Amino acid sequence: MYLDKTVLNSAVTVCPYLNPFKLKGPKSREMNSSDVNFSLLQNQPNVPAEFFWPEKDVAPSEGDLDLPIIDLSGFLNGNEAETQLAAKAVREACMAHGTFLVVNHGFKSGLAEKALEISSLFFGLSKDEKLKAYRIPGNISGYTAGHSQRFSSNLPWNETLTLAFEKGAPHVVEEFLTSRLGNDRQEIGKVFQEFCDAMNGLIMDLMELLGISMGLKDRTYYRRFFEDGSGIFRCNYYPPCKQPEKALGVGPHNDPTAITVLLQDDVVGLEVFAGGRWQTVRPRPGALVVNVGDTFMALSNGNYKSCYHRAVVNKEKVRRSLVFFSCPREDKIIVPPPELVEGKEASRQYPDFTWAQLQKFTQSGYRVDNTTLHNFSSWLVSNSDKKST
């Protein structure tokens, strides 16, 4: 699927797959974020057809994915031998399927657990209170339910709270939530701000470890590349679903962003497509999941795989997850380190592009999947050829 220039330029420039309120394209419609009320849906005997997904997308998991558990303590403490062992495990995982687990990541004790509790507090608010934070058109930050404002079918069975994180705005998360929810809910903003700060710090450390894992001469290449970048924080809330074999919390996709760090609660839900089948990533106490996204796959010249994943739902239990997406500065050219392409027979795997261009592509009626980067690259090359003739 390639998009013409008119459609691409008319897209709303917001974070990938964060669903602006108006969007043209197949299976799209204009709705208000209050259209989905999961407290009512859960009392119905059957899930509405709008939440059904194709059989291939809901094919059951075929076991657990054996992921390396990377202990970051040695790397964070400057132990070179342990750093090289961690880097080797990261490299093997990223070349295979693009995901791994990290422990001893340096978070303050109790912060992750507190952030999950606060997410439950927010989603436990009344519908009217949550809608005070609803996402307005063209804005990254805000609350949605079921993402019904973008598509009319294959809706995700979830509620989300998404918050823009900016390094140059130290209280942006806290200020947004307080402005919407009022001073009585200040704790929500304070905890999420602290959690985002910790996540951003971890992202920078992971960028350096990724550079080491690739054997770059300048091990800080990726850390420096993302120093002036931004992030998107998302709280996911997956209510119980009476037909979990037909619905999904989030459909199969690759994150268009660089790398994603995910905190799961103790309910199984994350699944990765690896080895030709869906496999479960079971929650582990104290562990965070790290996924490679399309942007970093391009930055690695295709050496590291973007993780293809989904979220399944549970018939009886609520599931929660907290996710931090890392993004480069919008106008920064996505180009791999020279040593990954110089003297290589295959040379460049992807054309030059900016994060802003990829953002627009994913917002132009294109539902992100495991071919997004390929189709986007083909679109760029096609349009570049047209301009040169």
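Start by selecting Gly231, which stands opposite Ser326 in β12. Before moving on, know that this is a predicted model, where local features need pLDDT of at least 70, side-chain atom pairs count only at pLDDT 80 or more, and totals for chains, interfaces and linings use all residues. Residues are numbered from 1 along each chain as its sequence is written, and side-chain values use heavy atoms, with hydrogens and water left out.

Now colour β5 (residues 230-238) and β12 (residues 319-327): nine bridges join them, and they run antiparallel. Strands here are DSSP runs of E, at least two residues, and helices are runs of H or I, at least four, numbered from the N terminus; two strands pair if DSSP finds at least two bridges between them.

Nine of the nine residues are buried, so β5 is largely enclosed by the rest of the structure. Buried means under 20% relative accessible area, exposed over 50%, and partly exposed in between (1.4 Å probe, protein chains only).

Last stop: select helix α8 (residues 186-213). Of its 28 residues, 22 are buried, so α8 too is largely enclosed by the rest of the structure.

Terms used: The expected span of a helix is 1.5 Å times one less than its number of residues.
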